[in-house]
Amino acid sequence: MTDSSGPIAAPSASGNPLLEAWTTPFETPPFSQIKPEHFMPAFEQAFADHAAEIAAIVNDPAEPDFANTVTALERSGKLLNRVAAVFYDLVSAHSSPELLKIDEQVSLRMARHWNPIMMNAVLFGRVAALHDKRASLKLTAEEKRLLERTYTRFHRAGAGLDAAAKARMAEINEQLAQLGTSFSHHLLGDEQEWFMELGEGDTDGLPASFLAAAKAAAEERGMPGKAVITLSRSFVEPFLKMSGRRDLREKVYRAFIARGDNGNANDNNAVIGEILKLREESARLLGYPTFAAYRLEDSMAKTPEAVRGLLERVWKPARARALADRDDLQALVTEEGGNFKLAPWDWRYYAEKLRQRRADFDDSAIKPYLALDNMIAAAFDTATRLFGVSFAERKDVPVWHPDVRVWEVKDADGSHRGLFYGDYFARPSKRSGAWMTSLRDQQKLDGNVAPLIINVCNFAKGAEGEPSLLSPDDARTLFHEFGHGLHGMLSNVTYPSLSGTSVFTDFVELPSQLYEHWQEQPQVLRQFARHYQTGEPLPDDLLQRFLKARKFNQGFATVEFVSSALLDLEFHTQPAASIGAVRDFERKELEKIGMPEEIALRHRPTQFGHIFSGDHYASGYYSYMWSEVMDADAFGAFEEAGDIFAPAVAKRLRDDIYSSGGSRDPEEAYIAFRGRAPEPDALLRRRGLLDTPEAA
Ligand SMILES: [Zn+2]
């Protein structure tokens with residue numbers, strides 16, 4: 001067993017599984033015993049324990065030193081971490097009206113609990129005293145980094161403010177926590193309410209695998225024998241691409257982009273206005289001109305100007321490419337006798353037609369080769385070849401839903417490294433999107449703690465007796481989240497707050513996006529992309545056409561992303577009082593950058609959970625592209641070595657990137673891996689954007 005931090009002390013009389021030692025394999029959460037009513041009492045106990053631990057540090061009469069202050073902080077809050085990890089996993093991946101109600105209470109209590117800690121002047125004084133004399137403390141590199149990060153966290157939370165400013169900051173944080181929760185509940189509400197039934201005559205262009213998924217979705221909603229489209233992205237995007245019914249495409253498209261903007265009880269417009277005002281006020285209290293300036297100071301990019309610089313460099317060639325593609329799509333519409341102007345709900349459909357014509361390829365030809373189990377095997381095998389880790393399925397580990405699968409991860413020497421939970425299928429109780437999270441993070445402060453890492457996706461289930469067949473995008477998502485998963489599983493740090501994905505937001509997508517590169521390697525596809533019925537490998541000719549098609553429509557993909565990232569930046573750099581109605585602001589900003597009217601934002605404001613459900617990606621949505629600059633550049637190291645599994649490069653990748661968590665400065669870690677700073681040309685080349693006229 002690996003968790004030698006000891007069982008969490010709790011009176012067994014509580015009868016609350018969240019407060020008792022877990023006797024399950026690997027001391028994992030006993031999901032079948034955990035009921036919604038256990039959470040509030042467990043949180044209350046956890047808050048009390050944590051507050052007492054903090055008080056002990058604050059009241060310690062001894063002079064502050066690294067052990068009695070910084071390390072003591074790292075040791076505190078174990079129970080809180082444990083309860084919160086289980087709770088947030090369920091709220092996101094398997095919620096219920098009961099859990100969502102508790103979530104509102106929890107987010108309020110969480111803010112009330114953390115505020116006095118993060119603003120405690122005595123505690124900050126101890127940390128600041130150590131920070132002042134850090135040069136003379138004889139710390140290891142990881143300890144130095146931890147002290148730096150701890151100091152910065154308190155400083156940025158407002159621990160150095162006067163009493164009045166602190167009180168206001170506390171109010172703001174509470175309100176923001178509630179507003180973020182309302183935002184995501186509204187979005188989930190609109191997503192759950194809407195569905196469109198597909199009648200007999202509504203299936204033009206839709207392949208059998210799509211219809212099977214639509215039937216499974218109807219079944220989940222208690223409508224057996226019918227077929228429905230929901231607002232899950234993995235339904236909407238393929239539908240817009242394949243449905244020959246222009247009227248239905250328009251209906252689905254309009255519902256999708258209207259989420260959170262319907263003027264009903266789930267409307268997010270007012271919530272956004274409130275969030276922006278409060279974020280700006282908190283940034284000003286801390287002495288920053290805007291929220292973006294505050295947010296980006298603590299990132300690899302450092303300033304809004306650096307972010308805008310990158311986005312604009314990519315925007316120009318991407319827009320030029322998209323406009324050229326638009327003209328080609330319009331010509332195709334006309335050629336087919338369509339007497340209409342290309343609309344946003346037509347783009348994917350005609351792009352797919354054009355792609356089939358040019359690359360002679362469509363997604364449905366490759367889907368039978370991308371069965372979920374084969375792609376999981378491919379993701380695992382890639383990790384084995386790069387890092388020596390192996391995966392063995394376990395049936396004895398409790399899970400939160402029968403669809404969830406668990407694997408034990410072992411290192412090359414056979415030692416236990418952690419558990420990997422895969423929760424792959426869409427269901428009504430799961431929020432949309434795909435993500436990685438953890439039930440326990442790696443650390444070795446008091447003995448080795450092995451991580452429990454989760455990937456959640458929203459793939460459509462296969463029909464009765466058939467496997468789930470992934471689209472190329474789904475397969476890429478699987479590798480993406482697995483890359484995050486490896487960042488958690490390979491973590492090898494001492495201190496919990498530096499573990500795994502605890503890195504800057506604009507660095508955190510490097511391990512995930514880099515991992516996507518292996519999914520599209522011929523060497524990997526030849527081995528794992530096998531027809532689910534015949535077992536035949538992907539024919540070489542189809543493989544070549546697939547790879548060629550990958551670069552197609554990149555103008556569109558880049559435009560929908562960069563426009564969202566620019567809008568995020570504008571929301572957080574312009575004065576909140578000047579923003580006014582969110583819809584008008586959105587329109588005005590899109591006009592300013594010359595957004596092609598046939599392309600929608602990847603996330604319109606009222607559904608932009610990345611930046612409004614919490615502040616994690618607020619003025620940080622650009623991070624994906626910042627990371628993409630690095631991932632394209634980083635994969636080049638393998639290409640230059642002439643082997644996509646080159647052992648020496650893979651070793652540096654593990655040591656410098658995947659296992660070092662937040663224990664190193666990201667720029668320094670990248671340079672250690674690559675031998676130099678990242679260069680953006682690899683990204684433009686990979687997206688096929690270097691050869692557009694305006695890019696020259
Ligand atoms: Zn990601």
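A residue is called buried when its relative accessible area is under 20%, exposed when that area is over 50%, and partly exposed in between, using a 1.4 Å probe and protein chains only. By this criterion, His480 and His484 are both buried.

The structure is a predicted model, in which local features need pLDDT of at least 70 and side-chain atom pairs count only at pLDDT 80 or more, while totals for chains, interfaces and linings use all residues. Residues are numbered from 1 along each chain as its sequence is written, and side-chain values use heavy atoms, with hydrogens and water left out.

His480 and His484 belong to helix H17 (residues 472-489); being four residues apart, they are separated by about one helical turn. Helices (H or I, at least four residues) are DSSP runs numbered from the N terminus.

**Nonpolar cores**

A nonpolar core is a set of buried Ala, Val, Leu, Ile, Met, Phe, Trp, Tyr and Cys residues joined through side-chain atoms within 4.5 Å. Two such cores are listed below.

| Core | Residues | Members named |
|---|---|---|
| Largest | 128 residues | Leu478, Phe482, Tyr515 and Trp518, those with the most contacts inside it |
| Second, separate | 38 residues | including Val83, Val86, Leu419 and Tyr421 |

Contact means heavy atoms within 4.5 Å. Beyond its neighbours within four places in sequence, Tyr515 touches several residues by this criterion, among them Ala379, Leu386, Phe479, Phe482 and Tyr658.

**Asp363**

Asp363 lies in helix H15 (residues 363-366). Its relative accessible area is 8%, and Asp363 is therefore buried. Leaving aside neighbours within four places in sequence, Asp363 is in contact with Lys241, Glu352, Arg355, Ser471 and Pro472. Met223 is 140 residues from Asp363 in sequence and 28 Å from it in space, C-alpha to C-alpha.

How values were computed:
Helices (H or I, at least four residues) and strands (E, at least two) are DSSP runs, numbered from the N terminus.
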